[in-house]
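Please go through this structure with me, one question at a time. I have not seen it before.

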Amino acid sequence: MRDGVDALMVPRNDPGALADALARLLDDPELRHRLGQAALASVRERYALDVVAAQISQTLRRIVDERR
């Protein structure tokens with residue numbers, strides 16, 4: 001996640017910052033749309049079936065190779 005690109009990052013345990021970020025999203029439909037579209041694209045890119053399958057395959061190959 002990237003602040004201002006596909007998310008609004010707030011410090012942990014800071015309810016005031018969270019409230020400010022939520023208010024910003026409520027007040028700015030273009031920002032909501034832009035962040036939402038960027039987040040969706042990121043998820044589709046990172047978690048596409050072929051990407052996840054390749055990662056699992058690499059992990060399994062590494063485990064098999066380590067046991068040989």
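The questions and answers below concern a predicted model.

Student: How many salt bridges does a search of the whole structure find?
Tutor: Side chains of opposite charge can pair when their charged atoms come close. In this predicted model the whole structure was searched for such pairs. The number of salt bridges found is 4.

Student: Is aspartate 6 buried or exposed?
Tutor: Aspartate 6 lies in the segment before α1, a helix of residues 15–27. Its relative accessibility is 8%. Buried means under 20%, so aspartate 6 counts as buried.

Student: With which residue does aspartate 6 form a salt bridge?
Tutor: The closest N and O atoms of the pair are 2.9 Å apart. A polar atom of the aspartate 6 side chain also lies 2.6 Å from the backbone nitrogen of arginine 2. The partner in the salt bridge is likewise arginine 2.

Student: Which residues is aspartate 6 in contact with, leaving aside its neighbours within four places in sequence?
Tutor: Contact here means heavy atoms within 4.5 Å. With those neighbours left aside, the residues in contact with aspartate 6 are Met1, Leu35, Ala38, Ala39 and Ser42.

Student: Which residue meets glutamate 30 in a salt bridge?
Tutor: Both residues of this pair lie in helix α2, 4 residues apart, which is about one turn of the helix. The N to O distance is 4.0 Å.

Student: Is glutamate 66 buried or exposed?
Tutor: Glutamate 66 lies in helix α3 (residues 49–67), as does arginine 62. The two form a salt bridge, with the closest N and O atoms 3.4 Å apart. Arginine 62 counts as partly exposed at 47% relative accessibility. The relative accessible area of glutamate 66 is 56%, and the cut-off is over 50%, so glutamate 66 is exposed.

Student: Which residues make the nonpolar surface patch of about 240 Å²?
Tutor: One of them, leucine 18, lies in helix α1. Leucine 18 counts as partly exposed, at 43% relative accessibility. The residues of the patch are Val10, Leu18 and Leu22.

Student: What distance separates the C-alpha atoms of valine 43 and arginine 61?
Tutor: Valine 43 lies in helix α2 (residues 29–46) and is partly exposed, with a relative accessible area of 45%. Along the chain, valine 43 and arginine 61 are 18 residues apart. Their C-alpha atoms are separated by 25 Å.

Key:
Residues numbered from 1 in each chain as written. Predicted model: local features only at pLDDT ≥ 70, side-chain atom pairs only at ≥ 80, totals over all residues. Heavy atoms only, no water. Helix = DSSP H or I, 4+ residues; strand = E, 2+ residues; numbered from the N terminus. Buried < 20%, exposed > 50% of the residue type's maximum accessible area, 1.4 Å probe, protein only. Polar contact = N/O pair within 3.5 Å; in protein donor to acceptor, adjacent residues only side chain to side chain. Patch = residues over 30% accessible without salt bridge, like charges linked within 9 Å, V, L, I, M, F, W, Y side chains within 5 Å. Areas by Shrake-Rupley, 256 points an atom, 1.4 Å probe, with all protein chains shown as cover. Salt bridge = Lys/Arg side-chain N within 4 Å of Asp/Glu carboxyl O.
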